Amino acid sequence: MDIMRPASAGCPVIIGGGLAGLVTALALAPRPVILLAKAPLTEAAASAWAQGGVAAAMGEDDRPDLHAADTVAAGDGLVDPDVAARIAAAGADTIADLERRGVAFDRDAAGCLMLGLEAAHGRRRIVHVAGDGTGAAIMRVLAAAVRATPSITLIEGLEARRLLVDDRGVAGVLAAGPCNACLLPSRQVVLATGGLGGLFGHTTNPPGAIGHGLALAARAGAALVDMEFVQFHPTALDVGLDPMPLVSEAVRGEGAVLIDESGTRFMTGRGRAELAPRDVVARAVAAHIAAGHRVLLDAREALGGRFAVRFPAIAARCREAGIDPDRQPIPVRPAAHYHMGGVRVDAVGRSTIEGLWACGEVASTGLHGANRLASNSLLEAAVMGKTVATSIAGTEAASLRPARPAVLPPAPDAHPVRALVSAALGVERRRGGLEQAVAQLQPLAFGAGPSADPALVALAMATAALAREESRGGHWRCDFPRPSTAWAHRQALQVDEAGSRIVCRAAPGHPASRPLAIGA
Ligand SMILES: Cc1cc2nc3c(=O)[nH]c(=O)nc-3n(C[C@H](O)[C@H](O)[C@H](O)COP(=O)(O)OP(=O)(O)OC[C@H]3O[C@@H](n4cnc5c(N)ncnc54)[C@H](O)[C@@H]3O)c2cc1C
């Protein structure tokens, strides 16, 4: 195995080429960094697929504290209000930074930003590019900036397979591709590996989004938190594709309604109807499908023939499937979309392991609580990428020791895990299914096979979901259908010292802290 000795050897290693990784690398320039992405930049990153846009309080009727209040309300009791205030306050600067780099956000004839509305936002505050092409546009600009920055050593096509740790914390990254492997010694490593929707049978996420960074962090001894909270998007295009194309919430923001095969609207009378929080809409859609109906999103009247103008990318995906959204309702169903949980990080993105930072979807800052407010994740990835860069720049790295030999694990294969995860951890969960999943995942997670890392992530989700005997946000237990004040706290999870099971406890600092070991 090669030990990397470029000019940048020993410098910070950033794992992940999505928005969080690119922002971190650019913000650290001109300091040398290695940026490792398992696929070419802009491919396989959820960031490039984002449609709705970036939430930021930019309207004349809006303020960061209103944005933060909506974030706290959507998160169902588990959002850290300080984090929400800080990230919402950084919205305008983040949009300005991206515009300075060349991102052309949509503006009206008077030059004002055009602001979209999404579920559970009290104001129009979704800043977008080319209607529904926000993520692709941002990623094009930032990927070009990364390639033009000499201090960034970009390694595409190698994936991180293990984090090396010693008694001083992180010591490097073991990475491999289809036919080569290398060791990157470093005392400063950033995980920016994105989400885990690819562990589910129905998902909007890129296929490589299997929560690999969570497995790397957990096996290195870092704490994970909020693992049970998965956001299911209510309106993925239901035409048999995997992953499922997304029909953005912004379509409902423009007035499209959910109907069934008889043309009946079934969300009326439920709070803000189609613009209720995502978990509420996803459950209603899932229940309607379970009752034998088809569910369709009807934009005919709301967009009056302008669908392709406002949502060109979604219109194209519909047309590929033979659907004309100006004339026909769009078939939809819920799909795993966003993971609120992740590597437990502090205000500057530091994990519980010395030298390991995390940002973007793989991290859990406390912004999203039990349920993410739409379009807050691009904002969080950009804000925290910059915050992590500042934290690294202000931290002195411990000296490196010669690398020790390490065993290279096989490339992760999530397929054996997908059916288990889909059956037990979907929109509705119950004790029996979760217990079965834990029992089946335990030997896979702590075995040596290619599904070990995906199984470990799934085991952490199932363990946390089994422990949380209530329903809140993205976690719905049929056997405990109400929220419970006894559960108004976050749960942290860690692989035990023997490396043979996951231990779950109330996040430190909470009076209800009680250890719970499952799957011995
Ligand atoms: C279809 C869709 C639409 C969305 N729309 C919006 C929206 O409008 N607004 C919004 O705020 N959010 C949206 N989201 C969510 C948002 O896109 C993500 O949360 C965000 O982009 C995550 O950014 P990230 O940098 O953390 O991860 P990603 O952009 O997913 O990037 C992860 C990177 O890590 C790499 N990687 C993973 N594992 C490894 C490894 N082991 N070694 C090396 N590299 C690795 C991947 O290849 C990729 O480059 C959407 C998500 C989807 C799927």
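Tutor: First, a ground rule: helices (H or I, at least four residues) and strands (E, at least two) are DSSP runs, numbered from the N terminus.

Student: OK. What kind of model is this?

Tutor: This is a predicted model, in which local features need pLDDT of at least 70 and side-chain atom pairs count only at pLDDT 80 or more, while totals for chains, interfaces and linings use all residues. Residues are numbered from 1 along each chain as its sequence is written, and side-chain values use heavy atoms, with hydrogens and water left out.

Student: Which residues come nearest to the ligand?

Tutor: Ser 47, Gly 52, Gly 53, Glu 361 and Ser 377 do, out of 37 residues around the ligand. Being near a molecule takes a heavy atom within 4 Å of it.

Student: How do those residues divide into nonpolar, polar and charged?

Tutor: The shell has 16 nonpolar, 17 polar and four charged residues. Ala, Val, Leu, Ile, Met, Phe, Trp, Tyr, Cys and Pro count as nonpolar, Asp, Glu, Lys and Arg as charged, and the others, Gly among them, as polar.

Student: Which element gives the most to the shell?

Tutor: Helix α12 does, with three residues. Elements supplying at least two each include α1 (19-28), β3 (33-37) and α12 (376-393).

Student: Which side chain has a polar atom 3.0 Å from a ligand nitrogen?

Tutor: That's His 212. The backbone takes part too: a polar backbone atom of Gly 53 is 2.8 Å from a ligand nitrogen. A backbone N or O atom of Ala 46 lies 3.0 Å from a ligand oxygen.

Student: New topic. How do α13 and α14 cross?

Tutor: Their axes come within 9 Å and cross at roughly 160°. Axes are lines fitted to C-alpha atoms, for helices over the stretch in contact, and angles run from 0 to 180 degrees between N-to-C directions. So α13 and α14 are roughly antiparallel, the word for angles over 145 degrees.

Conventions
A polar contact is a pair of N or O atoms within 3.5 Å; within protein, one must be able to donate a hydrogen and the other to accept it, and residues adjacent in sequence count only if both atoms are side-chain atoms. Angles under 35 degrees count as roughly parallel, over 145 as roughly antiparallel, 65 to 115 as roughly perpendicular and the rest as oblique.
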